[in-house]
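Here is a short briefing for a reader new to this structure. Look through the sequence and the model before reading on.

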Amino acid sequence: QKNGVSNGTLYKKTFIEHFEQAPMYVAVLTFLGFGVGTIFGYLRDFMRAWGLEKRNVAAEREQQKDFVPLYQDFENFYTRNLYMRIRDNWNRPICSVPGPQFDLMERVTDDYNWTFRFTGRTIKNVINMGSYNYLGFAETDVNALKTVTIELQKYGTGICSTRQEMGTLDKHVELEKLVANFLGVEDAMVFGMGFATNSMNIPALVGKGCLILSDELNHTSLILGARLSGATIRIFKHNNMQSLEKLLRDAIIYGQPRSRRAWRKIIILVEGIYSMEGSIVRLPEIVSLKKKYKAYLYLDEAHSIGAVGATGRGVVEYFGMSPDDVDVLMGTFTKSFGAAGGYIAGKKDLVDFLRTHSHSAVYATSMCPAVAEQIIRAMKCLMGLDGTTQGLQRVRQLGKNTRYFRRRLHEMGFIIYGNDDSPVVPLLLYMPGKIGAFARRMLEKNIGVVVVGFPATPITESRARFCVSAAHTREMLDTVLNALDELGDFLQLKYSRYSKSSHPELYEETRLELED
């Protein structure tokens with residue numbers, strides 16, 4: 001169940017992660033569920049082909065019957081026959097700020113989720129357990145947003161130019177200096193879109209003749225950036241140092257395929273917190289390997305910046321390491337900072353190179369000034385530059401909420417993945433039929449959750465993913481936990497085979513401090 005490490009030479013604190021395997025019968029029933037769904041899917045397709053059931057999916061026109069199909073029918077099989085049955089659990093429109101609670105637009109379907117219609121009613125005060133609002137900076141408090149309002153009135157909403165043309169404002173320069181200061185590095189560059197920060201900058205850093213070693217659970221933006229670069233990509237098992245070292249050793253010994261020439265660059269791509277697993281990167285071991293084999297390290301801190309570390313400075317601070325140990329520090333402002341965009345930080349030479357060669361800097365519109373001010377406001381709060389300790393209090397509150405929520409779920413008997421300090425909390429549902437039932441029942445209790453299934457997860461590991469926020473009160477968390485306890489019994493979701501903790505004090509907020 002637990003994967004714990006206490007290595008005095010690398011780790012200065014106990015590192016515990018949970019990845020309990022479900023009982024065999026759960027895996028069998030899960031595959032059986034997909035099998036039954038597939039059989040009924042083929043039956044429904046047969047009925048649609050013979051006109052016995054209405055065909056709602058897109059179809060090729062008769063005039064194009066001799067063309068190469070634009071729509072691959074078999075690839076759409078899963079979407080129309082399984083996803084459609086539970087589609088009402090996704091893309092629900094909200095009509096308020098995504099804070100600890102939000103308002104939801106009520107919608108219903110008359111044709112089994114093929115189309116929806118809005119009733120005109122609003123579901124009020126739904127507890128938000130799905131947004132990445134880790135520090136609670138997604139807010140509408142007038143006093144908090146005063147500086148954002150001033151900048152909006154001064155600059156307007158759009159830049160209408162790229163960074164390399166007329167799109168660099170004094171707010172961007174101020175933000176980049178602040179980000180570099182916050183992270184403790186020489187320089188930083190900000191971008192208007194978090195996804196593009198990865199997908200458009202990795203191709204500028206590596207290309208043909210380079211080798212990318214990517215964690216198997218990396219985010220799509222990292223995968224897309226790696227593919228667009230033209231570099232050779234090799235995958236190592238998630239957080240598995242033996243797998244990574246074998247790839248590094250083979251890359252050094254054998255070089256490039258066929259020519260056997262040395263690789264121009266070897267770069268390791270990892271995330272700080274993995275958004276579907278809730279696990280934290282084994283950074284001390286990866287840094288040790290990258291130094292041993294003279295590779296570069298690209299660290300995506302999208303979910304970890306602001307969310308972990310004593311002062312919210314991400315996994316580098318969490319492990320008590322130096323920012324200089326990481327060659328490329330990447331992160332986004334879309335989560336902990338309640339804004340939009342992303343950054344890349346590190347040595348000044350690196351950032352200067354990206355200012356010239358980044359596809360995002362050359363072609364993408366600059367970040368909105370009001371968004372830049374929101375990031376500055378939140379970051380100054382975290383750094384204490386606003387004259388308060390509110391930022392530090394938010395980081396500590398997030399840690400308390402995270403450990404409390406995870407501890408209670410463990411005690412109830414649920415299987416949850418990830419690190420004890422990760423605010424991303426996946427709760428395993430496994431069976432496809434329980435995905436829809438879980439989300440619908442939780443919404444009936446005025447709790448909004450995110451559920452995830454195949455192909456976003458392995459076929460046997462469908463899950464609900466909770467994102468804990470510093471803005472959640474203990475009463476809100478208890479409401480959610482009580483609902484989960486009741487629903488866990490009703491849907492039989494308590495699969496854990498390990499006894500409930502008889503030592504709750506082990507999970508208290510007091511943690512082992514970093515050693516000198």
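**Sheet, domains and contacts**

In strand β10, valine 328 is the bridge partner of tyrosine 298. The model is predicted: local features need pLDDT of at least 70, side-chain atom pairs need pLDDT 80 or more, and totals for chains, interfaces and linings use all residues. Residues are numbered from 1 along each chain as its sequence is written, and side-chain values use heavy atoms, without hydrogens or water.

**The sheet**

- β9 (residues 296-300) and β10 (residues 328-332) pair in the parallel sense over three bridges. Strands are DSSP runs of E, at least two residues, and helices are runs of H or I, at least four, both numbered from the N terminus. Pairing takes at least two DSSP bridges.
- Seven strands form an open sheet with mixed pairing, in the order β5-β11-β10-β9-β8-β6-β7.
- β5 (187-191) and β7 (232-236) are at the edges with a single partner strand each, so one side of each has no neighbour in the sheet.

**The domains**

- The protein is divided into domain 1 (40-85), domain 2 (88-128 + 393-491) and domain 3 (142-383). These bounds come from an automatic or database domain assignment.
- The centres of domain 2 and domain 3, taken over C-alpha atoms, are 28 Å apart.
- Their contact (heavy atoms within 4.5 Å) takes 14 residues from domain 2 and 18 residues from domain 3.

**The salt bridge**

- Between domain 2 and domain 3 the count is one salt bridge. The term means a side-chain nitrogen of Lys or Arg within 4 Å of a carboxyl oxygen of Asp or Glu.
- Arginine 463 forms a salt bridge with glutamate 277, and their closest N and O atoms are 3.0 Å apart.
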